[in-house]
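The following report considers salt bridges, surface charge and backbone geometry in turn. Please keep the sequence and the model at hand while reading.

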Amino acid sequence: MNEELRVDVVRILRNLNKLGKIGRREGFNGVTRLALSEEDREARDLLVSWMEEGGLNVRVDPIGNIFGVRRGSNPNFKPVIMGSHIDTVIDAGIYDGAYGVLSALEILRRIDEEGIETQHPVGVAAFTNEEGVRFQPDMMGSLVKSGGYPLEKAYARKDDDGVTVKEALKGIGYLGRDDVKPEAYFELHVEQGPVLHKRGFEIGVVEGVQGIAWWRMAFRGEANHAGTTPLDMRKDAMAGAAELYTGLLEYVAKKGNALCTVGKLRLEPGAINVVPSLADFTIDYRSYDDAIFKEGKAEVERRAEEVAKRRGLTLDKEMTADAQPVHFRPEMVGLVEASARKRTYSTFRLPSGAGHDAQFMHVICPTAMIFVPSINGVSHSPGERSDAADLERGANVLFDCTLAKAGFKKEP
Ligand code: GLV
Ligand code: MN
Ligand code: MN
């Protein structure tokens, strides 16, 4: 399609490395920019400064999503948005989310440099709290934007220190009032899994995103002496959590096409010689299959209740996220595939195992995702890497898809 139009990957990498300096902590190799933290504010401020330098119209919505929009030739047309997020997990790599946002910024710059006039405005978005590490649910910005979660309910969500989303948004100066209604949404992302790298494909054509269910659970039992309390007289909260987790791991292994993770666990009183009275933990359950997703969610809750009852524990549970499996529209998936093939890049269709803002934007506008290989499939870790040539290919595909949706004229 636009063989001569290419991004400058050196500029993308330069910005990735600049952004990747924000959130470095002593004793860690990666970056930590938890949503709405001081580090997130610093990253947002840098992104906004780049948007302003690029002459974009910067808008911030009530949940803190940031948009930078370049005008189109038809003022009545809605913008085609490219985006992702710039918050991170704890000790993260520099590509997850930021690659999609900074590639979009590069494409807007290339559109200017090439004297391209698009019919639709074209813009870049950075969504609030994609990772969901500090505040749950995850993908909060796109979830609220898509109408899937009430704004006031999102504002009231608290972190472990009792700080609400609204207080944190205000605190960093990103409680906005604007609204941007997209014509279409494209998200470019590193795969974060091993498939493309191991199989030697250049571009991942993302067919959908698997469902994600999260819980915060607490088993409460009785603290007692580790040396004197017989096993059958214990109310051991940790034993309940361990039994539930291993049982769920067996369940998902047997089912196939499902995953389960306990990524956070806190015990009380937390002493070597005391039977734990409290196990406070999280559960992350995922499946791409609609039926298995639904069945598994019920299974998690059923097993938790059963374990608590049998072990004489009480159970507190709160479901903190429930994102259904998403299947992108075939014509949008086809556009990504055709764009990549036109550039003679090798392509492979796959679902996304990670959550993405695209899974909620899909609810309000035609949406597609493009993946590039992650070396050895490492992500949510400082070891996250992708080849520059792959990063360039992905951004070129995003460039083509965006122009195709926006409609454009290029000066000769
Ligand atoms: C987001 O990165 C997720 O998949 O948890
Ligand atoms: Mn991400
Ligand atoms: Mn992530």
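## A pair within one helix

R393 and D390 both belong to helix α12 (residues 388-406), where they stand three residues apart, about one turn of the helix; helices here are DSSP runs of H or I with at least four residues, strands are runs of E with at least two, and both are numbered from the N terminus. The two side chains meet in a salt bridge with an N to O distance of 3.0 Å, the term being used for a side-chain nitrogen of Lys or Arg within 4 Å of a carboxyl oxygen of Asp or Glu. R393 is buried, and D390 is buried as well, where buried means under 20% relative accessible area, exposed means over 50%, and partly exposed lies in between (1.4 Å probe, protein chains only).

## Basis of the model

This is a predicted model, in which local features need pLDDT of at least 70 and side-chain atom pairs count only at pLDDT 80 or more, while totals for chains, interfaces and linings use all residues. Residues are numbered from 1 along each chain as its sequence is written, chains are lettered from A and ligands numbered from 1 in the order in which they are written, and side-chain values use heavy atoms, with hydrogens and water left out.

## Other salt bridges

Side chains of opposite charge can pair when their charged atoms come close. Across the whole structure, a search finds 39 salt bridges, one of which joins K409 to E117 with the closest N and O atoms 3.7 Å apart. Because K409 lies in strand β18 (residues 408-410) and E117 in strand β4 (residues 116-118), this pair ties together parts that are 292 residues apart in sequence. K409 is exposed, with a relative accessible area of 56%, whereas E117, at 40%, counts as partly exposed.

D8 and R11 also form a salt bridge, with their closest N and O atoms 3.8 Å apart. D8 is partly exposed at 30% relative accessibility, while R11 is buried at 11%. Both residues belong to a network of salt bridges that links D8, R11, E106, R109, R110, E113, E114 and K410.

## Surface charge and loop residues

R14, K18, K21 and R24 form a positive surface patch; residues in such patches have over 30% relative accessible area and no salt bridge, and like charges are joined within 9 Å.

N76, in the loop between β2 (66-70) and β3 (80-85), is exposed with a relative accessible area of 69%. Although N76 and Q119 are 43 residues apart in sequence, their C-alpha atoms are 9.6 Å apart in space. T229, by contrast, is buried at 8% relative accessibility in the loop between β9 (224-225) and α8 (237-255), and a polar atom of the T229 side chain lies 2.5 Å from the backbone oxygen of H225.

## Backbone geometry

Two cis peptide bonds may be noted: the bond from Q136 to P137, with omega near 5°, and the bond from E268 to P269, with omega near 0°. P137 is found in the loop between β5 (122-127) and α4 (140-145), and P269 in the loop between β11 (265-268) and β12 (274-275).

Q192 has a positive phi of about 70° although it is not a glycine; Q192 is in the loop between β6 (184-190) and α7 (195-199) and is buried, with a relative accessible area of 14%. N376, likewise not a glycine, has a positive phi of about 60° and lies in the loop between β17 (367-372) and α12.

Note on methods
Patch = residues over 30% accessible without salt bridge, like charges linked within 9 Å, V, L, I, M, F, W, Y side chains within 5 Å. Areas by Shrake-Rupley, 256 points an atom, 1.4 Å probe, with all protein chains shown as cover. Lys, Arg positive; Asp, Glu negative; His and termini not counted. Charge placed at Lys NZ, Arg CZ, Asp CG, Glu CD. Polar contact = N/O pair within 3.5 Å; in protein donor to acceptor, adjacent residues only side chain to side chain.
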